[in-house]
Amino acid sequence: MIWDQEEYDISEHALDLISRISSLEQLHLSVGTPEGWVSEWDIDSEKMRHYLSRLPRLKKLAFTADEYRPDGFEIDHETDEGVDDDHRRRALDEADLYLEVMPQLEWLFIGQIPWAVEEDSDGVRELAEIPRLHIGDYWTVLNEMFGWRGMSVWKSA
């Protein structure tokens with residue numbers, strides 16, 4: 001689901017409604033325009049975790065247009081330059097927190113970085129960054145996984 005770009009947030013009411021769909025196994029949330037690769041969503045990850053952790057069957061979770069970098073830091077999305085260590089660390093920290101409250105997760109797309117959940121021989125689950133692709137390849141992966149052709153755009157009244 002994509003929220004219109006004037007919102008730049010997903011309301012608690014909408015998240016509460018989504019969190020009641022107990023059969024949900026995969027979810028893609030975004031704000032802004034579905035075209036292009038603009039990261040302008042200062043996502044409230046704590047709020048997201050609060051509501052999405054109620055989804056007992058959720059295995060795949062993707063956020064697009066989310067940002068995890070210091071104010072004023074810009075990414076060149078054509079070359080992927082500027083994805084610095086701080087952005088990656090912040091995204092990984094948030095992804096780890098999602099995994100803590102959602103142990104059933106198998107895959108995450110957060111901070112424009114895909115993460116697989118792997119389990120070691122001791123049963124410890126950890127995030128492993130999937131090797132970087134060209135930015136356009138992410139759209140292909142997300143489109144195939146979430147079927148964007150029929151995507152819904154949520155507009156508040």
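This is a predicted model: local features need pLDDT of at least 70, side-chain atom pairs count only at pLDDT 80 or more; totals for chains, interfaces and linings use all residues.
Student: How many salt bridges does a search of the whole structure find?

Tutor: The search finds five.

Student: What makes glutamate 25 and arginine 57 a salt bridge?

Tutor: Their closest N and O atoms are 2.6 Å apart. The cut-off is 4 Å between a side-chain nitrogen of Lys or Arg and a carboxyl oxygen of Asp or Glu, so the pair qualifies. The pair links distant parts of the chain, 32 residues apart. Glutamate 25 sits in the loop between α1 and β2. Arginine 57 sits in the loop between α2 and β3.

Student: Why is glutamate 25 called partly exposed?

Tutor: Its relative accessibility is 37%. Buried needs under 20% and exposed needs over 50%, so glutamate 25 falls in between.

Student: Which residue meets glutamate 94 in a salt bridge?

Tutor: Arginine 49 does, at 2.6 Å from N to O. Glutamate 94 lies in helix α3 and arginine 49 in helix α2, so the pair ties together parts 45 residues apart in sequence.

Student: How do you know whether glutamate 94 is buried or exposed?

Tutor: Set its value against the cut-off. Glutamate 94 has a relative accessible area of 19%. Buried means under 20%, so glutamate 94 is buried. Arginine 49 has 13%, so arginine 49 counts as buried.

Student: What separates arginine 89 and aspartate 93 in helix α3?

Tutor: About one helical turn, because they are four residues apart in that helix. Their closest N and O atoms are 3.3 Å apart. That is within 4 Å, so arginine 89 and aspartate 93 form a salt bridge.

Student: Why are arginine 89 and aspartate 93 called partly exposed?

Tutor: Arginine 89 has a relative accessible area of 43%. Aspartate 93 has 37%. Both values lie between 20% and 50%, so both residues are partly exposed.

Student: Why is lysine 47 called buried?

Tutor: Lysine 47, in helix α2, has a relative accessible area of 11%. That is under 20%, so lysine 47 is buried.

Student: What does lysine 47 touch?

Tutor: Asp9, Ile10, Glu12 and Leu15, not counting residues up to four places away in sequence. A polar atom of the lysine 47 side chain lies 2.8 Å from the backbone oxygen of isoleucine 10. The limit for a polar contact is 3.5 Å, so that distance is within the limit.

Technical notes. Residues are numbered from 1 along each chain as its sequence is written. Side-chain values use heavy atoms; hydrogens and water are left out. Helices (H or I, at least four residues) and strands (E, at least two) are DSSP runs, numbered from the N terminus. Buried means under 20% relative accessible area, exposed over 50%, partly exposed in between (1.4 Å probe, protein chains only). A polar contact is a pair of N or O atoms within 3.5 Å; within protein, one must be able to donate a hydrogen and the other to accept it, and residues adjacent in sequence count only if both atoms are side-chain atoms. Contact means heavy atoms within 4.5 Å.
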